[in-house]
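Subject: Structure for your review

Dear colleague,

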Amino acid sequence: MEKFDGILFDLDGTLWDATAQIAEAWNQVIAEAREALAPYGKGKPLTAADSRALCGKTMDVIADELFGDYPEKAAIADRCYSHENDYLRVHPGVVYPDVGGALRALAEKVSLYVVSNCQAGYIEVFLETSGFSEYFSGHLSYGDTGLPKWDNIRLMCEREGLRNPLYIGDTQGDADAAAKAGVAFAHAQYGFGEVPGAAIVIPAPVELASVL
């Protein structure tokens, strides 16, 4: 196996599944605005499957898909993201089995990072509620920089001086972002998506440490 000097992780579908909790949090905000959203054909409650389908997309794209031409879509999306962070602190997502042990083993040998298309504060909530902060050396999100995932991967590598990093994610979008950033990719096959032809495949969370 190739020697990597840093491992960058996607979050949703790779380290935990918070799709049900995210849907619940957003539905609470959407319910308050349903009357205003109705004339625009929006305001339908989200399911966990809806939330899952949106994972990996940037915040602006999600706002467009959920709220369409609604004039205040940016404001309601901001309320949803803020409430989501607060909700997840009390009702956290489900960390995949064996992730903690795998991260502990990896962190003893190489620096770990999280790079996600989520809002600012979301990664921090994951680290806080999971108790995994000690394993990670840094993180970046779309909400932090306004940049897409591949740019944030590249930025993190530049900041940390990583010369041969690996990005671990669960979707084709993650694989494409890694390719655009010029870094190796490993597919978390247990997650949300398929990545045909991935050079490195991780069938189960317990095998995350096998990349080293």
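In the lining of the largest pocket, helix H10 gives the most, with 4 residues. Please bear in mind throughout that this is a predicted model.

The pocket

The largest pocket holds about 260 Å³ of space. Its lining consists of 16 residues, and those that lie nearest the centre are Gly-56, Lys-57, Asn-117, Thr-171 and Gly-173. Three helices each supply at least two residues of this lining: H3 (48-54), H9 (149-160) and H10 (172-181). Sorted by class, the lining residues comprise 6 nonpolar, 5 polar and 5 charged.

The salt bridges

Side chains of opposite charge can pair when their charged atoms come close. In this model, the count comes to 7 salt bridges. Three of these pairs are described below.

The side chains of Asp-10 and Lys-149 form a salt bridge, with a distance of 3.1 Å from N to O. Asp-10 sits in the loop between strand S1 (6-9) and strand S2 (16-17), whereas Lys-149 belongs to helix H9, so the pair ties together parts that are 139 residues apart in sequence. Both Asp-10 and Lys-149 are buried. The two residues also belong to a network of salt bridges in which they are linked with Asp-174.

A second salt bridge joins the side chains of Arg-89 and Glu-128, at 3.6 Å from N to O. This pair, too, links distant parts of the chain: Arg-89 is in helix H5 (residues 73-90) and Glu-128 in helix H7 (residues 122-130), 39 residues apart. Arg-89 has a relative accessible area of 38% and is therefore classed as partly exposed, since that class lies between the limits of 20% for buried and 50% for exposed.

Arg-154 forms a salt bridge with Asp-151, and their closest N and O atoms are 2.7 Å apart. Both residues are in helix H9, separated by 3 residues, or about one turn of the helix. Arg-154 is partly exposed, because its relative accessible area is 30%. Asp-151 is likewise partly exposed, with a value of 23%.

With kind regards

Technical notes:
Residues numbered from 1 in each chain as written. Predicted model: local features only at pLDDT ≥ 70, side-chain atom pairs only at ≥ 80, totals over all residues. Heavy atoms only, no water. 1 Å grid on protein atoms, 1.4 Å probe; cavity = no way out; pocket = protein on both sides within 12 Å on 5 of 7 lines; lining within 4 Å. Points joined across faces, edges and corners; volume = space filled by probe spheres on them. Nonpolar A, V, L, I, M, F, W, Y, C, P; charged D, E, K, R; others polar. Salt bridge = Lys/Arg side-chain N within 4 Å of Asp/Glu carboxyl O. Buried < 20%, exposed > 50% of the residue type's maximum accessible area, 1.4 Å probe, protein only.
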